Structure formats: structure tokens, C-alpha cells
Amino acid sequence: FSISTYNKMWVDAQKDLDIQLRREREEFLQPEKDRVKVFNMLATSYIKYMQIFRNLETAHNRLVHWQKRMVIRQVLDGVIGRILEVKKEMVELENSEFHYIDNILEDLKLLPEDIEVPIPRYFIEEKLEVLQQREKILDQILLNAGWQTQKPVKAMTFEEAIRVIQVAERARQGRCRAAFMKQIYLEEKRERQTELQVEMGPSPDDAATYIQKVWRGYIQRKKTEKMREEEMIFLGMSLPPHLKATSILQMHAGQVNTLQGEVQERHEEVFIKDKLREMEGLHIKEILQDQISQCFIECRHIVGKFPDYPTEEAGGSVAILSQKTPEQVAAELAARKEMALQKKAQEGKKEKEGKENIKGKNPQKTGNKEEQEGWKMAPSNFLSIMEEGNSQYKAVWQNRDESLDFLQDHDPELIKEDKREEVEEEIRVQVDELMQQKLKNLKLAVDGEKSDKQKKGRKSEKVRAAMMSLVHRTIDSLYRELVEKGLLIKAKTVNLSDYVGEYSYLGTTLRQVDTEPMPSLADVRQLIALYGILPLGSQTVHEKAPLVKALLLAGPAGVGKKMLVHAICTETGANLFNLSASNIAGKYLGKNSLQMMLHMVLKVAKQLQPSVVWIGDTEKIFSKAVPNAEEEMNPKRLEKILPKFLKALKAQDRVLLVGTTNRPFDANLKPFCKVYQKIILIPRPDYASRFGKYSILWKHIILQNGGAITNLLNISCLAKMSDGFTPGHIVQAVQAVLSELRLLQMTRKPLRTAEFMTSLARQDPVYKEEEESFK
């Protein structure tokens with residue numbers, strides 16, 4: 001039964017997580033001076049967390065019990081965030097985005113596929129309806145605006161048009177004549193057979209033989225099917241008929257549960273929440289009012305006046321209820337005074353030390369301290385999330401008996417515990433409104449104070465009056481304008497797994513001889529998942545993980561940079577904005593219009609997050625000198641505004657700026673590297689990728705363009721000779737060979753290796769000098 005399998009997978013993942021959390025407490029809290037040992041510790045943790053991540057993601061996707069999925073989801077977000085934190089420590093330790101841990105994988109008896117970053121399927125599944133609706137709207141706007149992509153119509157001369165019509169007409173006449181002659185031949189043959197039968201007469205033996213042949217064939221096929229079915233049941237590869245009927249019913253029930261589970265979950269939650277509000281709501285309201293009133297009286301007794309009611313941003317009455325007794329209030333005030341005195345004393349010491357350092361008495365004192373102490377793991381934002389999820393699993397699910405829970409139904413008591421907090425929060429908001437008014441009346445009656453709300457209101461009105469008219473526009477109108485202007489485009493449906501490439505096994509060996517290896521395509525795929533897809537897919541991860549606002553993909557033409565941009569959008573359901581210099585040329589001219597364009601993009605991207613802002617040929621924006629041919633395009637006008645655009649992005653905004661370039665060395669490097677926080681080098685395919693996946697790539701592209709693979713076509717030879725060429729070169733070579741005429745000739749003239757080699761030789765490969773300049 002599949003549920004028991006995925007339950008076991010969840011249990012094993014929780015056990016591994018518990019061991020890893022214990023290891024974090026023991027090892028990572030101690031300073032360590034040996035950098036090699038530190039890297040091995042970090043790499044081992046990275047691999048362990050990645051295995052836990054894979055198991056939890058599979059269990060979350062396959063389990064039916066939605067309360068289990070909620071617990072797994074919380075732990076899953078924590079594990080993803082911790083992986084990103086460990087990755088950041090590894091990058092800072094080695095000063096490189098690419099790590100080579102094949103020796104550690106070998107020690108752990110693992111394969112490179114075991115650390116491949118899985119893409120959680122709930123990124124798309126949870127908002128599938130919204131994405132489908134948004135895609136329909138986008139298609140309709142593109143169709144109305146005339147941006148819908150269509151194949152360009154080739155211009156044709158008058159003589160060529162006549163020749164095409166003549167060929168088509170002669171072919172049609174030939175087909176009609178052939179069909180007519182065939183019909184005449186069949187009629188003549190039928191007449192001859194009828195005449196022979198009339199002369200000879202019917203033969204009873206022939207009729208009996210024919211009937212026997214049909215009957216024996218039918219009986220033998222039935223026997224063969226029965227024997228095959230019995231053999232499959234005997235081998236355990238198929239179920240007996242009585243069990244198969246049960247399994248079909250279970251599958252049908254599973255499909256119904258999948259379709260109705262979400263609706264049933266919402267209905268049950270609403271029902272229990274309403275019942276809690278009806279049964280316990282009045283009691284909770286009275287308790288809150290009594291506690292807040294008591295706090296007012298106690299605070300006035302200690303401080304001498306009624307306190308100001310905390311705003312909703314500060315927590316409302318939660319901030320008041322945290323002060324339970326007068327003794328606690330007095331202790332907090334005393335602690336604050338002591339903290340202020342300590343801060344002043346520390347600032348005075350720092351000033352003295354700074355003066356002494358300037359005089360030359362204590363140079364580089366702090367640096368020596370750090371070297372003596374050694375490396376220490378930075379504090380984590382996700383350990384508490386994982387520990388909370390782990391403790392919740394132990395308390396509720398670890399020792400739970402589910403032997404009788406065949407339907408994997410919900411537990412009402414667990415829903416009550418969750419919904420009670422929501423009910424208390426809703427009632428607290430209502431109580432806050434009542435108690436605010438009560439506090440005003442108390443202040444007016446006892447202290448004679450008046451509220452200064454009106455003064456604050458005047459300031460806010462002045463601020464609102466100064467806001468731009470853009471703020472008052474709806475998201476729908478801004479979305480439509482960006483689509484019609486061609487700035488918001490439709491992403492191609494490309495998965496990250498379509499970007500094929502093998503892991504490099506020579507990385508550790510080359511680094512041991514002080515040679516920096518070129519990254520493999522598997523490393524690139526992993527970084528795209530870590531920096532692009534995982535943070536954009538989860539709000540919790542994006543808010544608390546190391547923030548990456550901008551990503552640069554640099555590499556020769558044809559290595560798949562644009563494909564990776566579209567893969568990020570496909571895997572996360574993100575909107576794609578194209579702000580390339582060639583795309584915005586002639587649009588929103590002038591500084592004010594350009595700022596308005598970026599404000600529009602920012603507002604729509606934040607509101608409909610996740611979003612990807614793509615800038616193709618981004619080196620042109622930061623180029624040292626603009627070529628004469630590109631002066632009309634004015635590519636440098638985004639240079640000064642991009643840093644402001646990135647500054648406006650906060651941790652809660654799931655918006656990623658992605659730049660692509662095939663000539664990064666043409667840019668002015670200081671502002672260029674200041675904008676792009678992470679730079680990923682995408683090289684030409686290495687030996688492993690070429691011979692492992694390129695053979696598949698050659699076959700895939702040839703079949704995709706209508707070709708056929710025969711023994712005359714040596715795919716291994718093509719993979720060998722395409723060293724130095726990118727996947728884009730291979731696509732161009734195949735499309736150049738497989739023209740319409742060549743496809744028509746393919747039945748009598750099969751494809752040969754030399755045809756593709758000739759086409760490939762006409763293109764320039766990625767030379768070693770260019771590769772070194774990228775490196």
C-alpha cells in the first residue's frame with residue numbers, strides 16, 4: 001500500500017533531520033581553525049540536508065493526509081532555507097560559487113544524482129488555477145494587441161508562385177489518375193473472380209476450412225491471454241481478479257479524494273472555526289477585556305498616567321498583555337535603564353580604542369582575534385523552524401497509531417488547536433477597538449487628555465496628496481499596458497530538467513594541483529535551482545534565507561542562458577518582464593517616463609509575485625562606449641536607475657532580476673558587478689556532458705525536426721566532433737540540413753554523418769581564448 005511507503009519515507013527523513021539537528025548543536029557551535037575540516041563539515045551537512053529535502057518533498061507530494069502535509073511543508077521550508085544558508089557559508093569560505101565534493105560523495109557511497117536539487121511540485125500545484133487564469137488573460141491581451149507569435153510569411157516572386165501552383169496541380173492530377181486506374185483494376189479483378197465462382201460452384205470443404213481457421217485462432221488467442229494472465233499473477237506482477245476489483249475501487253476513491261480533498265478541508269475548517277467561535281468566543285472576549293482593564297489600572301499606579309494604546313503594527317493588545325504584573329513592569333524598566341548605561345559605556349570604550357588605533361598603538365587587533373578564534377557558523381533563521389516542526393512531529397505523529405485510519409482522514413482535535421488561535425486573534429482585534437475607545441474615555445475623565453489623532457491625520461493627507469497618479473491605477477490596467485508595450489512577455493514552457501548536462505568528476509583533482517576547473521552544466525543547473533527557483537517558489541524561504549536580488553548568467557552564445565530564464569519562470573509560475581535594451585528602445589522616452597515604467601514594472605511584479613525581470617545583453621547597459629549603430633537604442637539609460645530598482649526590493653518581495661550576457665568583458669566592471677549580486681558562468685559542454693547527453697541531444701534534435709536515425713548516421717562521431725560547439729550550434733546545424741526538400745528525399749536517401757559535419761563546420765566554435773576570458 002503506497003501510503004505506508006511514503007509514511008516510512010517521512011519517518012526516515014524526520015530521523016535523519018533529528019540526527020542532523022543534534023550534530024549542528026554539537027559541531028557548528030565550536031570555533032574551528034582548519035579550513036579544510038570546516039569545508040568538509042559544511043559539504044557533509046549540505047549533502048545530508050539535500051537527501052532529507054528529497055525525501056520530504058516526495059512524501060509531501062504523495063501523502064493524502066493534508067494535516068501531515070502541513071507539518072511536512074513547515075519542515076520542508078526550514079530545510080530549504082538551511083541548505084541556502086550552508087551554501088552561503090561554503091561560497092564565503094572558498095570564494096567560489098562552484099564546489100567540487102566528489103571525494104565526499106565517494107566516502108558517503110552516493111552518486112551525483114543524489115544531490116540534484118529537486119523542484120517542489122507544490123510551487124505550481126498550490127496556485128494552478130490562478131496561473132491558468134492568468135495565462136488565458138495574457139493570451140487574450142496578446143491576441144488583441146497583435147503580439148501573438150506567428151510564423152513569418154516569406155516573400156515570393158510571381159514566377160516562383162506560378163511554378164509552385166503548377167507543381168501542386170500536376171501532382172493532384174497524377175494522384176487522381178492513379179486512384180481512378182486503381183479503381184478500374186479492382187473492378188475488373190472482382191468481375192473475373194465472380195465469373196470463376198459461377199463456373200466452378202461453391203466448395204463446402206473450403207467454407208468449412210475457413211470457418212475452422214477463424215474459430216481455432218480465436219480459441220488460441222483466448223488461451224494465450226489466460227496463460228499470460230496466470231503467469232503474471234504467479235510472478236507477483238499483477239493482482240488476482242478479486243483484489244484487482246478492490247484496487248480499482250481504491251484508485252477511484254483516491255481520485256475522488258484528490259479532487260474533493262481541498263474543498264472538504266476548507267469546509268471542515270470553517271465548520272470547526274464557527275463552532276469554536278460560538279462556544280468559546282464570549283468567554284475569550286470577557287477574559288481579554290478584564291486583562292486589558294487590569295493592565296490600564298496597574299500601569300497608571302506605577303507610571304502615574306494611563307499608557308498609550310499600542311498600534312496594530314506593534315501587536316495591539318498583545319503588547320499590553322505581555323506586562324502581566326506590576327513587578328514585571330518595574331523589572332523591565334530597570335533592565336532597560338541598565339542596557340542603556342551599558343551601551344553608553346561600550347560606545348565610550350570603542351571611541352577610545354579607535355583613537356588608540358589611529359595613533360598606532362593597537363593595529364589590526366580585531367583581525368588577530370578572529371584568526372585566533374577560527375571559523376564559526378553564522379546564526380541561522382531556519383534552525384528554529386526545523387526544530388519546531390521536528391518537535392511537532394514527535395509530539396503528534398511519531399507514536400500515532402494509524403492502523404485503522406484507512407481513509408487518511410483529518411483529525412478534528414488538531415484543527416481545533418490551530419483554529420482556536422485564529423479565533424482568539426479575530427476576537428482580540430474586536431476587543432482592541434472597544435478598549436481603545438474605553439482608554440480615551442478614561443484619559444478624558446481622569447487625566448483630562450485629548451487625542452492628537454487629528455494632527456497626525458493632516459500629515460498623512462499631505463503625504464497622500466503628494467503621491468503619484470500611478471498609485472491610483474489598478475493592477476489590471478498596468479498589467480494590460482505592460483503586455484501591450486511588449487514588456488511583459490509569455491514565458492516558454494521549459495523545465496529545468498530539460499537543461500541536460502553531466503557532473504564533473506575532475507574538479508577535486510584539478511584543485512589539488514592549483515588549477516581552477518571550468519564548471520559543469522550540472523553545477524549551473526544546481527545554482528539556478530538554489531538562487532532562482534527555490535527562493536521564488538516559497539515566501540518563507542525568500543524572507544529568511546540569504547537574499548539574492550540579482551543574478552547574472554554569463555557565457556558564450558548558444559549555451560542556454562535564455563532557456564534557463566524561461567525555466568525559472570516555468571518551475572515557479574513567475575511573470576516574465578523583458579527590459580532588454582533592444583526591447584525598450586523607443587518606449588517611455590525621457591527620464592520621467594523611464595522612472596514611471598520601472599515603477600509600473602515594480603508594482604505589477606510585487607503584486608503578482610513571483611516575478612522575473614530579464615535584461616538580455618545586459619553588458620550594453622554598462623558598456624564603456626556605445627557603438628554608433630546602437631546610439632539610437634540608447635542602451636545606457638537604465639544604468640543609473642537599476643540600483644534604485646534593486647534597492648526598492650525587500651525580503652518579502654519575490655522578484656528576481658536576471659541578466660544574460662555573452663560579452664561581460666565589454667562592460668564597465670565596477671557598476672556591473674555592483675548590480676549583479678551573483679554571477680554564474682555557463683561554459684560550453686565538457687567531455688562528460690558531450691558524450692553522455694550530447695548523443696541524446698543530437699538524436700532528440702534530429703527527431704524533433706522530422707529526421708530519422710539509421711545505421712548510416714554515426715551519432716557517436718557527431719558527439720565527438722562537436723567538441724567546442726554549444727547546443728545552439730547543434731540546433732542550427734540540424735535545421736540547416738533538414739530542409740523541406742531534404743525531408744522529402746529521406747525515404748530513398750537516408751541521413752548521413754557528413755551532412756551534419758559540413759553544416760557544423762560552417763559555424764565558429766567557442767575557442768580557448770574566449771573561454772579563458774570568461775573564466
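Guide: Let's start at Tyr210, which has its place in helix H8 (residues 204–235). Here a helix is a DSSP run of H or I with at least four residues, a strand is a run of E with at least two, and both are numbered from the N terminus. This is a predicted model, where local features need pLDDT of at least 70 and side-chain atom pairs count only at pLDDT 80 or more, while totals for chains, interfaces and linings use all residues. Residues are numbered from 1 along each chain as its sequence is written, and side-chain values use heavy atoms, with hydrogens and water left out.

Visitor: Why is Tyr210 called exposed?

Guide: Its relative accessible area is 53%. Exposed means over 50%, buried means under 20%, and partly exposed is in between (1.4 Å probe, protein chains only).

Visitor: What makes Tyr210, Ile211 and Val214 a patch?

Guide: These three form a nonpolar patch on the surface, with about 330 Å² of accessible area together. Patch members have over 30% relative accessible area and no salt bridge; nonpolar side chains (Val, Leu, Ile, Met, Phe, Trp, Tyr) are joined within 5 Å, like charges within 9 Å. The areas come from the Shrake-Rupley method with a 1.4 Å probe, and for residues only the protein chains shown count as cover.

Visitor: Which residues gather in a patch of negative charge?

Guide: That would be Glu187, Glu188, Glu191, Glu195 and Glu199, also on the surface. One of the five, Glu191, is in helix H7 (residues 158–200).

Visitor: How do you know that Met597 is buried?

Guide: Met597 has 0% relative accessibility, so it counts as buried. You'll find Met597 in helix H22 (residues 591–607). Setting aside neighbours within four places in sequence, Met597 is in contact (heavy atoms within 4.5 Å) with Leu487, Leu579, Ile584, Tyr588 and Leu638. Met597 and Leu487 are 110 residues apart in sequence, yet 9.5 Å apart in space, C-alpha to C-alpha.

Visitor: What makes Glu57 and Arg121 a salt bridge?

Guide: Their side chains meet at 2.7 Å, N to O. The rule asks for a side-chain nitrogen of Lys or Arg within 4 Å of a carboxyl oxygen of Asp or Glu, so this pair passes. Glu57 lies in helix H2 (residues 35–62) and Arg121 in the loop between helix H4 (102–107) and helix H5 (122–125), so the pair ties together parts 64 residues apart in sequence. Glu57, at 4% relative accessibility, counts as buried, whereas Arg121, at 34%, is partly exposed.

Visitor: What makes Asp653 and Lys606 a salt bridge?

Guide: Their closest N and O atoms are 3.4 Å apart, so the pair is inside the limit. Asp653 is in the loop between helix H23 (642–647) and strand S5 (655–661) and Lys606 is in helix H22, so this pair ties together parts 47 residues apart in sequence. Asp653 is buried at 9%, and Lys606 is partly exposed at 26%.

Visitor: How many salt bridges are there by this rule?

Guide: The count comes to 18. Another of them joins Lys636 and Glu639, with closest N and O atoms 3.0 Å apart.

Visitor: How much of the protein chain is buried?

Guide: Buried residues make up 37% of the 775 residues. The chain has 31 helices and 6 strands.

Key: Lys, Arg positive; Asp, Glu negative; His and termini not counted. Charge placed at Lys NZ, Arg CZ, Asp CG, Glu CD.
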